[in-house]
Amino acid sequence: MNYLSGDLKVVGTRPIRPDGVEKVTGRALYSADTRVGGMLWGKILRSPHAHARIVSIDTSKAEALKGVQAVVTSKDFPEITSEVAFVGEGPMNFRDLSDNVMARNKALYEGHAIAAVAATTAEIADAALALIDVQYEVLPHVIDVDEAMQPGAPVLHADMFTAGVNPKPATASNIAKVVTFKKGDIDAGFAEAEVIVEGSYTTKPVHQGYIEPHACLATYNPDGQISIHASSQGHFMVRAYTAKLLGLDMADIRVNPAEIGGGFGGKTLIYLEPVAVALSRKSGKSVKMQMTREEVFRGSGPTSGASVTVKLGAKKDGTIVAAQQVLKFQAGAYAGSPIGPGCMCGFAMYDIPHIDVLGYDVVSNRPKVAAYRAPGAPISSFAVECAVDDLAAKLGMDPLTLREKNHAVNGTKTHYGPTHTNIGFTEVLQATRAHPHWKAPIAEGHGRGLAVGFWFNIGGESSATVHINEDGTVMVATGSPDIGGSRASMGMMAAEVLGVPVSKVKAIVADTASIGFTFLTGGSRVTFATGMAVTQATEKVVEQLKARAAQTWDIPVEAVEWKDGQAFPAGTNAGAFPPLDLAAIALKQGRTGGPINAEVSVNAQGAGAGFGAHICDVKVDKETGHVEIIRYTAIQDVGKAIHPSYVEGQIQGGAAQGIGWALSEEYIYNDKGQMENPGFLDYRCPVASDLPMIEAVLVEVPNPRHPFGARGVGEVPIIPPMAAISNAIKSAIGIRMEHLPMSPPKIRAAIDAAG
Amino acid sequence: MTSLSYAAPTSVDAAVKLLAGASGLAKVLSGGTDLLIQMRAGRFKPELIVDTKKIPGVIGIREENGAFVVGGGTPGAVVEAHAGMTKAWPGVVEALDLIGSTQVQGRCSLAGNLCNASPAADSVPALYAAGAIAVVVGSNGRREVPVESIPTGPGRTSLAKDEFILEFKFPARPARSSDAYLRFIPRTEMDIAVVGCGISVTLDANGVCTAARCSLGAVAPTVLLVKEMADVLIGHKLDADTLAKLDAAAQAAAKPISDKRGTAEYRKKISGVLARRVAQIAFDRASGKATGKTH
Ligand SMILES: Cc1cc2nc3c(=O)[nH]c(=O)nc-3n(C[C@H](O)[C@H](O)[C@H](O)COP(=O)(O)OP(=O)(O)OC[C@H]3O[C@@H](n4cnc5c(N)ncnc54)[C@H](O)[C@@H]3O)c2cc1C
């Protein structure tokens with residue numbers, strides 16, 4: 001059933017956030033807020049070296065320290081043979097994950113975990129770390145992706161032979177994998193082209209910057225039953241990965257999802273949980289661990305930094321006929337950068353006959369990358385959207401017109417395979433052209449940039465249950481951690497189907513023992529896939545409600561209609577019964593057949609790709625190189641906004657993070673490969689006063705595969721900002737900034753170099 | 001495992017005695033917005049903390065014949081709310097106002113900013129330009145010294161173990177005098193100066209500068225008082241030629257390093273840029289062309 005054309009009473013409104021009061025009063029329990037009596041504090045010793053062989057680890061002095069109850073090293077974790085299991089947006093190699101959680105033979109980056117202790121106080125744990133004697137043989141290291149690919153670069157993994165090339169290379173290198181996508185005939189395409197532009201671009205690794213550092217509380221009971229309290233983007237993921245890394249049965253582990261203080265992709269893998277469980281097993285006590293911000297920077301995953309080249313060929317009339325891209329992504333210390341999506345997303349916005357994309361997944365001595373909103377796409381699109389802007393300039397064409405001319409529509413076959421269906425890109429471009437921001441004159445000395453972005457979005461496995469309480473109020477439980485307000489949306493969809501006010505519906509996130517498997521919150525999938533499960537479960541409940549009314553009235557169930565939270569006889573033939581509302585049916589549920597509830601699990605397909613266009617006005621201080629964002633508008637096809645405020649929040653947040661990526665965020669390394677700015681003072685996320693009000697414009701082209709038309713919205717908005725800003729800077733000062741971040745010293749240097 | 005004593009004496013004498021008597025590291029505490037953070041980061045482990053805030057005079061502002069005396073521990077927010085200081089020393093006030101956020105403003109002090117001895121401290125260039133006098137108290141009594149004699153290097157001061165700053169004196173202002181401070185940061189707030197510049201000037205009735213003090217922050221191990229910049233201004237109006245010379249003098253005086261906050265080359269250029277902009281604001285204020293906040 002779908003509600004695309006229906007007259008909706010709840011979906012599309014803006015009720016108050018159900019988890020808001022707890023959060024603003026400080027009562028919400030985040031990962032670090034749970035404590036139990038007698039618990040120990042776990043801490044991790046991290047490598048000071050970017051690349052070093054671990055010669056020996058002597059933990060005896062630490063173990064002897066009063067108050068220390070357990071010390072673990074990689075020896076306490078089973079060795080995992082190389083095996084790859086596909087988990088959603090990126091491949092996860094559990095051998096690598098195990099090695100990342102606790103280094104086995106080599107420290108592969110500064111911050112790599114080497115050992116861990118559990119002690120009665122955090123201070124004692126710190127003191128114990130200082131007593132662990134690690135002998136390292138320091139090895140040459142490499143950080144930069146282009147350098148890591150050079151012959152002769154220090155090789156991180158002796159068994160890494162580039163996958164995806166034929167024949168298999170004879171020597172190990174830092175290139176884990178090569179990805180190619182081809183459409184048409186690229187040489188023919190460029191031969192046909194009348195105008196060609198080329199550019200080469202670099203981006204820096206950037207951290208997701210979630211405000212809540214990783215933390216957990218783990219208890220290993222004497223009977224082998226384990227409980228873990230932790231926030232994450234998927235408590236089923238935490239359970240599976242912990243089980244895998246420790247060789248345990250999933251049924252023995254129960255993970256309770258804590259409130260999460262941001263993830264943005266960075267909490268789709270684990271760092272602490274297996275360590276805390278191992279320490280708990282050894283000590284017999286509950287173990288609490290929490291990273292400092294410095295550890296978050298040194299030890300947890302940012303997204304890739306990259307080096308990208310783009311070449312575009314077009315006819316004089318603006319028809320793009322050929323597009324070529326080479327992408328080199330830093331994966332961090334282990335294979336697994338988002339090179340795949342990077343290769344997919346750059347050109348997917350356009351209908352181009354000849355496309356050639358080549359991508360490299362490259363390891364270097366940096367923390368293992370983790371997903372970050374639309375993994376790979378922002379990097380790829382930054383390069384493409386700068387090149388498209390340069391092409392417009394060379395053609396003497398307005399950049400929006402060029403995009404209108406070449407944009408992907410339903411039926412466009414992408415270079416990576418699928419054909420676009422049910423997309424709303426045309427509508428996004430129409431809304432862009434119609435927007436007052438696009439029409440407004442550009443103020444003297446300002447510049448305006450435009451860029452577009454695409455993300456495919458995912459569906460996948462989700463479970464939901466809906467229970468009718470005795471008084472007719474409703475409980476909704478799902479297995480999806482609530483990162484962007486999903487409890488509100490889940491409650492709203494259930495309320496809509498039931499025809500009751502949303503205040504009567506409470507949604508929760510159930511733990512791993514209390515609901516069916518649910519894939520992690522990522523890929524902008526929850527409102528789509530989990531929302532589908534909730535809607536279907538609620539529909540099943542409605543069927544039961546109708547059956548109970550039919551039973552009460554002694555008429556066939558087909559003769560009952562459900563509307564506005566009440567059962568009605570369908571038409572006069574069905575009988576003249578007064579309506580039975582939800583509360584009345586609920587009160588008698590025991591006598592009419594027992595509790596009313598339903599559980600639905602889905603593997604949702606048809607996520608519905610998302611497109612966005614961002615318009616940005618900047619002012620550049622030519623003497624200092626400082627860029628001020630004057631006005632920012634983000635237009636996006638959201639399918640259907642279940643709760644428009646949260647959708648706008650997703651768009652504003654994505655744009656804000658993209659602005660940081662564009663202008664100020666970067667990892668700075670010294671010549672030893674150590675990060676010099678592991679804190680928010682020198683790792684510069686934008687602060688509130690750096691940003692104008694970001695106007696989010698919701699375009700609603702319903703996704704017919706979702707009951708309410710929703711499509712994922714959380715990832716598209718981080719894709720266009722970098723190019724939109726680079727394009728705006730070019731419009732302001734006439735200089736193309738190809739290297740991120742476009743920080744004041746770089747801009748001033750570019751201005752000086754231009755004379 | 002570690003012990004830490006805290007005392008909040010109510011007189012200068014008691015405070016000095018505590019400091020003099022400490023066997024290990026003793027630290028003076030004003031707002032704590034540097035000290036507590038550095039302790040948490042493990043930069044040092046003091047044995048004793050002496051909080052100055054209960055000592056009479058440490059918090060508050062008084063006017064003495066056009067001069068102002070500002071208690072060393074007076075929070076930034078209190079100074080900014082003081083009409084007399086804002087009028088006479090807008091540059092000092094705007095520099096102090098740049099420190100941190102509203103929350104930090106409720107605590108951060110001039111004494112703490114000066115004695116933390118960071119070359120990038122925001123209020124310090126303004127204090128140097130203002131020619132403020134630090135009133136230092138210790139076992140040997142009380143001495144008055146120019147503020148620029150306090151910091152001696154990053155994190156180091158000329159104060160003895162038993163000394164602390166009680167208050168700052170700002171001299172009475174001649175007519176047509178004013179000051180200004182600007183810093184450059186990549187963001188708009190909650191950041192640390194890449195370069196800071198403070199300038200205080202007195203003009204004659206024709207707009208010619210008769211006295212000037214100029215300073216640069218974050219371009220050397222300590223904040224610099226730059227006489228060459230002042231010499232360029234004195235005897236001149238702020239015309240294009242003077243501005244160009246000021247820019248050059250600032251760039252010549254700046255001896256920055258390249259670090260994660262900016263390259264040496266960039267910092268030199270910005271020193272010149274800021275010097276011009278700050279001079280313009282200070283001259284406009286002194287000549288009555290501009291009043292109030294500039295940022
Ligand atoms: C979030 C945040 C943002 C910040 N932003 C800025 C900024 O933008 N610009 C900037 O310049 N600073 C900034 N700071 C640093 C700090 O707030 C300032 O340096 C502030 O002025 C310190 O004053 P305080 O009173 O808190 O000093 P405290 O922390 O109390 O003391 C600092 C040092 O001075 C010594 N000391 C204190 N009082 C005296 C005294 N009376 N006599 C002798 N020694 C004394 C202490 O022993 C200590 O070594 C920031 C700090 C934070 C936490």
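Reader: Where does A:Pro167 lie?
Author: A:Pro167 is in the loop between α5 (145-149) and β9 (175-183) of chain A. Those labels are DSSP runs numbered from the N terminus: helices are H or I with at least four residues, strands E with at least two. This is a predicted model, where local features need pLDDT of at least 70, side-chain atom pairs count only at pLDDT 80 or more, and totals for chains, interfaces and linings use all residues. Residues are numbered from 1 along each chain as its sequence is written, chains are lettered from A and ligands numbered from 1 in the order in which they are written, and side-chain values use heavy atoms, leaving out hydrogens and water.

Reader: OK, and is the bond from A:Asn166 to A:Pro167 cis or trans?
Author: That peptide bond is cis, with omega near 0°. Most peptide bonds are trans. A cis bond also joins A:Leu740 and A:Pro741, with omega about -10°, and A:Pro741 sits in the loop between α19 (721-733) and α20 (744-754) of chain A.

Reader: How do α11(A) and α19(A) run, parallel or antiparallel?
Author: Helix α11 (residues 377-395) of chain A packs against α19(A) at about 30°, with the axes 8 Å apart. Axes are lines fitted to C-alpha atoms, for helices over the stretch in contact, and angles run from 0 to 180 degrees between N-to-C directions. The two are therefore roughly parallel (under 35 degrees; over 145 is roughly antiparallel, 65 to 115 roughly perpendicular and the rest oblique).

Reader: And what about α5(B) and α8(B)?
Author: The axes of α5 (residues 90-97) and α8 (residues 123-130) of chain B come within 8 Å and cross at roughly 165°, so these helices are roughly antiparallel.

Reader: Switching to the ligand: which residues come nearest?
Author: Of 30 residues around the ligand, B:Val28, B:Ser30, B:Thr33, B:Asp34 and B:Ser109 do. Being near takes a heavy atom within 4 Å. The shell has 15 nonpolar, nine polar and six charged residues. Here Ala, Val, Leu, Ile, Met, Phe, Trp, Tyr, Cys and Pro count as nonpolar, Asp, Glu, Lys and Arg as charged, and the others, Gly among them, as polar.

Reader: Which element gives the most to that shell?
Author: α7(B) does, with four residues.

Reader: What lies 2.6 Å from a nitrogen atom of the ligand?
Author: An N or O atom in the side chain of B:Ser30. Also, an oxygen atom of the ligand is 2.8 Å from an N or O atom in the side chain of B:Asn113. The protein covers 88% of the 980 Å² of accessible area that the ligand has on its own (Shrake-Rupley method, 1.4 Å probe).

Reader: Last one: what's phi of B:Asn65?
Author: Near 50°, a positive value in a residue other than glycine. Most residues other than glycine have a negative phi. B:Asn65 is in the loop between β4 (61-64) and β5 (67-71) of chain B.

Methods:
Polar contact = N/O pair within 3.5 Å; in protein donor to acceptor, adjacent residues only side chain to side chain.
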